[in-house]
Structure formats: C-alpha cells, structure tokens
Amino acid sequence: MTSSESARPGPARSGRVRFATFNVLHGRTLVEGRPVPVRDADGPEAPLVRAVASLDADVVALQEVDRLQERSGGVDQASAAAAGSGARYWRYASAFHGTAKADGGWVPAPSEPGLRVYGADEAGAGEGAAGEDVPSHGVALLSRLPVRHWRARRLAPAPVPMPLRTPGRRGLTLSRDQPRAALAAVLEGSRGPFTVVALHLSFVPGWNVRQLLAVRAWIADLPGPRVLLGDFNLPGALPRTVLGPAGPSVGTRDRPGGAPPPRGWRDLARTPTYPAHRPVVQLDHVLASGIAAGAATGAHAPGTPVSDHRPLVVELPL
C-alpha cells in the first residue's frame, strides 16, 4: 500500500480529525503467549504498516517502536508506518539506545546517546545525528495535518524494579523500568492550531502518575485544545482523575469565534484495550482538555494482527 493509496482527505472534507494510539509491541504478535516476529513476503515491517494504515487515522501515536533493531528486521518502523499511512509529518523519539536480546533484556549502547529525535527528510530529520546508526526503542507521532512545532522530552525510569507478568514467561518477573519518551506537536487544524502529545508511561505505580503530571506541566504553554495519546499503564478513569476532571467553561476564548474552553480533562474513549485477544482493562487512552462534552465520536478499539494491545481510535472536530 502506497502513501497516496492510504491517505484520505478526511479533515478537509468532514472537518473532523481521526486520532489513534497504538502500542505496537515492536511489530510482533503473540503465539502461545510469546512475542514472535510476523513473517511476511513484503518485508518485516509490512504487518505493522498494514495495521497502522488500517486505522485510517489523521494523527497516530505509536509506542514500543523499534529503530534498526535486529528483532524487527533492522527497519525504521516509524518511517515505514508514516509512509504507509500517508503521514507526511512525523517524528520518532528514542526513549533509550541499545540492542534487544532474545530473552527480553537489553544491551545498552556503549556510548548512550540519550534522547534523539528523527523525522521526515523534508523536516530536518535526525536532530541527534550522533546516534543516527544506533539501534533504539521509543515512541512516534505521525500526522497528515501540517505541524507548526515539535517538542520532545525523556522521562526518567523508576528507581526501583517491580514484579511483572511478562509475555512468554510464567509467573512474575522482577523487571527494571526503562526510560520513556514523550513527543508533542502543534498541528494546523481546520479551526486553528491544537496540541497533540504521544507518550508511554512507566509500569511502576505512582511513578507513572508523576510522569503524567510532568507531561501536563511540560505542555502548559502550548495552544489548546490539547490531546494526550498513549499507553499510560494506568487503568480506567485513573488518568483523568490524576489530570483533573473536566468542569464548567471559564475564562476567555482561546480560539477565534469560539466559546470559552472547558476546564480540566475529558476521557474521550472508555473501552478495554488489553490484552488484545480478550481486552479486559484499558491501559491506552485518549484524553483532551479544551474539548466540549459530546464532541468525540467513533471511539473504538479494533483488533489487528500485531501487538498485545489494541489500538484506540476516536474522532474530534478540530
């Protein structure tokens, strides 16, 4: 599928923007509880590209994305997904650099480059040129809408390990947290600029709350409405409670001709996303501030051939 075949003129035609968030498990699927590569004659990235393109979203946040990792065929997954979904504007932010091991561990890069941001060639790709050829793992934000401004930050890992259920292993495994990354973009919507953030938070309770509050403060100076997309590792209504539930509209208009923006944050899609084969808990979220009640439509979590999470999709008039 080419980018021209997969792109749709949705925002210009309907005035609505389709958002999606998807923890892609580095393009793998689960077989008998173990993550395995998805074999495909079109290349190792093809199943992931098709899964992302099938969402037909104008703005997509991806988590657990590989760049140049042997386990995922050595490809740049963010670049491939952007091309396949017709997203001309995209960035990938490395949470950490290193090589994934067969047992699920990591071999850190000898000289850890830290946060690096890569993107489309015409937008000045590879701001971190020193880490260009180092395998990494992180998050990506893809957009069919023009982007005015990009921003990225790294989120430090929790200082203590935690027992977790790990795909492919029985019982609990004591797991150390990893650095995380967040990507923010100011996009051009039909009604003016708005902000979107792709993020993946820690699995350590309390630490992920701290990270979420840090992200809220980090984007406070960016234009609203603001939309958070990602795997928060926080269940149900907890993220909205942490950020502050929506309340009455107050203050001045922040968009020409518009009403005062609603206060607080709204949970725009309440549906289980994990585990993918039989979702029982929602770890993946779309939250927004400055969005009126009832503005979101089309919320759903479709099944795909890849990942242990389901993507979450919602549409907004932006």
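Modeller: We begin with burial: a residue is buried under 20% relative accessible area, exposed over 50% and partly exposed in between, with a 1.4 Å probe and protein chains only as cover. By this criterion, 52% of the 318 residues of the protein chain are buried. This is a predicted model, in which local features need pLDDT of at least 70 and side-chain atom pairs count only at pLDDT 80 or more, while totals for chains, interfaces and linings use all residues. Residues are numbered from 1 along each chain as its sequence is written, and side-chain values use heavy atoms, with hydrogens and water left out.

Colleague: How many helices and strands does the protein chain have?

Modeller: Helices (H or I, at least four residues) and strands (E, at least two) are DSSP runs, numbered from the N terminus. The protein chain has six helices and 20 strands.

Colleague: Which residues of strand S20 point one way, and which the other way?

Modeller: In a regular strand, side chains alternate between the two faces of the sheet. In S20, Leu312, Val314 and Leu316 point one way, whereas Val313 and Glu315 point the other way, and all are buried. The strand, residues 312-316, is thus described as mostly covered, with five of its five residues buried.

Colleague: In which sense do S1 and S20 pair, and over how many bridges?

Modeller: Two strands pair if DSSP finds at least two bridges between them. Strand S1 (residues 17-23) pairs with S20 in the antiparallel sense over five bridges, and Val313 in S20 is the bridge partner of Ala20. Strand S19 (residues 297-300) also runs antiparallel to S20, to which two bridges join it. There, His300 stands opposite Val313.

Colleague: What is the order of the strands in the open sheet of six strands?

Modeller: The order is S9-S12-S13-S14-S18-S17, and the pairing is mixed. Strand S9 (147-155) and strand S17 (265-267) are the edge strands, each pairing on one side only. Neighbouring strands of this sheet are turned by 20° against each other on average, direction ignored; such angles run from 0 to 180 degrees between the N-to-C directions of axes, which are lines fitted to C-alpha atoms, for helices over the stretch in contact. As an example of pairing, S9 and strand S12 (residues 180-189) are antiparallel over eight bridges, and Trp150 stands opposite Ala185 in S12.

Colleague: Which helix lies across S9 and S12?

Modeller: Contact means heavy atoms within 4.5 Å. Helix H5 (residues 207-218) lies across S9, S12, strand S13 (192-200), strand S14 (226-231) and S17, running at about 150° to S9.

Colleague: Why is helix H4 described as largely enclosed by the rest of the structure?

Modeller: Helix H4 (residues 77-84) is largely enclosed because six of its eight residues are buried. Those residues are Gln77, Ala78, Ala80, Ala81, Ala82 and Gly84. Gly86, with a positive phi near 70°, follows H4.

Colleague: Where is Leu142 placed, and is it buried or exposed?

Modeller: Leu142 is in strand S8 (residues 136-143), and it is buried, with a relative accessible area of 1%. Leaving aside residues up to four places away in sequence, Leu142 touches residues including Ala78, Ala81 and Ala82, as well as Val52, Tyr89 and Trp90.

Colleague: Which residues touch the most other members in the largest nonpolar core?

Modeller: A nonpolar core is a set of buried Ala, Val, Leu, Ile, Met, Phe, Trp, Tyr and Cys residues joined through side-chain atoms within 4.5 Å. The largest has 33 residues, of which Phe19, Leu141, Val196 and Val227 touch the most other members. S12 gives the most to this core, with four residues. A second, separate core of 23 residues includes Val24, Ala78, Ala81 and Ala120.

Colleague: Which backbone oxygen lies 2.7 Å from a polar atom of the side chain of Gln282?

Modeller: A polar contact is a pair of N or O atoms within 3.5 Å; within protein, one must be able to donate a hydrogen and the other to accept it, and residues adjacent in sequence count only if both atoms are side-chain atoms. The backbone oxygen at 2.7 Å is that of Ala269, and the backbone oxygen of Asp284 lies 2.9 Å from a polar atom of the Gln282 side chain. Gln282 is found in the loop between S17 and strand S18 (284-289) and is buried, with a relative accessible area of 5%. Beyond residues up to four places away in sequence, its contacts include Leu312, one of the buried residues of S20.
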